[in-house]
Amino acid sequence: MTTAPVVSPSLPRLHSAPASPFPKAPVGSGAGVAFPARPYGPSLRLRSAVMAASGVGGNGSPMAPEESAVSSRLGEVKRVTKETDVHVKINLDGTGVANSSTGIPFLDHMLDQLASHGLFDVYVKATGDTHIDDHHSNEDIALAIGTALLQALGDRKGINRFGHFTAPLDEAAVEVILDLSGRPHLSCGLSIPTERVGTYDTQLAGNNSHHIIEATFKAFARALRQATEYDLRRRGTIPSSKGVLSRS
C-alpha cells in the first residue's frame, strides 16, 4: 500500500438517526507528539486545548453512574468578520449527523466524514469571500470548530484523552495521533501532490490528493472519538498525573 492520504466516494449519511438537539443535524484540536512519519504513509499528530466530563455518551462511551443524567456535551460558536460569517454547533455525544453548508463543496464532504466516523453531530453554516479564495472560509471555520470543541469538552474529567487511528483509503493510509492535553501543537507529515481537488481526477495511484485529505479527516474523526470518550476506570477524574489539564 502506497502512502497517500484520502478519498473515495463519500460515505452514506445516517438518515435514521434519532432526533438531535440541533436543527436537522447538530455537530460534531490540539496535537500529539512529533514522531517522525512512518514509512507506510503520511501522519498527522495533534495535541489540543479541548477535553471533557464523564458519563455515557451517544457515541457509545461509558458514563459514570453519577453523571448518567447529564445532557450531551455541546458547543456552539458564531464568528463574524469582514471576510466570513460562520456558525458552528457540535454534539460530541451525537449519532453522526452532518448538516454543513460552507460554500466549499469539498469541505462539506470532509465535514461529513468528521461527523460519520466520529459519531459527532456537526452543524456548520458559513458564507465568505470564496469569490477571491477558499482560504478565509477554511481558516475561520477551523477556528470556530476548535472553539466549539473546547466548549463541548468542558472540564474534561473522565475522558480517555489520547486517540490514535490509521485510516486506509484505497492506495492511501493516514495516521492521526491525538493528545487532548491542552497544550497546542501540530506536527503534520502530509504531502498533498496537487493544489486543488477538481471534479475530474487525473492523478495516479499513491498520489491522489482527494484520498489523502479524506483519509486524514476519517483518521482524525476516529482518533478524536477515542480521545473524547469516557474511561469508566477513571471514575470521572482528570486523565493527568498533575491532576489538571489546561484550557488555553
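This is a conversation about reading the features of one predicted protein model.

Biologist: Before we start, what kind of model is this, and which pLDDT do local features need?

Modeller: The model is predicted: local features need pLDDT of at least 70, side-chain atom pairs count only at pLDDT 80 or more, and totals for chains, interfaces and linings use all residues. Residues are numbered from 1 along each chain as its sequence is written, and side-chain values use heavy atoms, with hydrogens and water left out.

Biologist: Fine. What is the mean pLDDT of the chain?

Modeller: General idea first: pLDDT is the predictor's confidence in each residue, from 0 to 100. Here the chain has a mean of 76, with 67% of its residues at 70 or more. Strand β1 (residues 43-47) has the lowest confidence, a mean of 55, while β3 has the highest, at 98.

Biologist: And where does pLDDT stay under 50?

Modeller: Over residues 1-40. The model still has 164 contacts for them beyond four places in sequence, where contact means heavy atoms within 4.5 Å. Residues 47-69 are also below 50, and that stretch has 96 contacts in the model beyond near neighbours in sequence. Where pLDDT is low, the predicted coordinates should not be read in detail.

Biologist: Now the layout. How many helices and strands does the chain have?

Modeller: Helices (H or I, at least four residues) and strands (E, at least two) are DSSP runs, numbered from the N terminus. This chain has three helices and eight strands. Starting at the N terminus, the order is β-β-β-β-α-β-α-β-β-β-α.

Biologist: How do I read burial, and what share of the residues count as buried?

Modeller: Buried means under 20% relative accessible area, exposed over 50%, and partly exposed in between (1.4 Å probe, protein chains only). Of the 248 residues in the chain, 51% count as buried.

Biologist: Which residues have the most contacts inside the largest nonpolar core?

Modeller: A nonpolar core is a set of buried Ala, Val, Leu, Ile, Met, Phe, Trp, Tyr and Cys residues joined through side-chain atoms within 4.5 Å. The largest one here has 34 residues, and Val-88, Ile-90, Leu-92, Val-124, Ile-141, Ile-145 and Leu-224 have the most contacts inside it. Two or more residues each come from β3 (84-91), α1 (105-118), β5 (121-128), α2 (135-153), β7 (172-179) and α3 (209-228). The biggest giver is α2, with seven residues.

Biologist: Next, helix packing. At what angle do the axes of α1 and α3 cross?

Modeller: Two packed helices are described by the angle between their axes and the distance between the axes. The axes are lines fitted to C-alpha atoms, for helices over the stretch in contact, and angles run from 0 to 180 degrees between N-to-C directions. For α1 and α3, the crossing is at roughly 30°, and the axes come within 8 Å. Among the residues making the contact are Phe-106, Met-110 and Gln-113 of α1, and Ile-213, Phe-217 and Arg-222 of α3.

Biologist: Is Gln-113 buried or exposed?

Modeller: Gln-113, in helix α1, is buried because its relative accessibility is 1%. Its C-alpha atom is 9.8 Å from that of Arg-222, which is 109 residues away along the chain.

Biologist: What is Ala-115 in contact with?

Modeller: Leaving aside neighbours within four places in sequence, Ala-115 is in contact with Gly-96, Val-97, Ala-98, Phe-120 and Val-122. Ala-115 also belongs to α1, and at 0% relative accessibility it counts as buried.

Biologist: Which residues does Pro-239 touch?

Modeller: Not counting residues up to four places away in sequence, Pro-239 touches Arg-156, Gly-158, Ile-159, Arg-161, Arg-234 and Leu-245. Pro-239 sits in the segment after α3 and is buried, with a relative accessible area of 5%.

Biologist: Last one: why does Asp-134 count as partly exposed?

Modeller: Because its relative accessibility is 23%. Asp-134 is in the loop between β5 and α2, and beyond its neighbours within four places in sequence it contacts Ile-104 and Arg-196.
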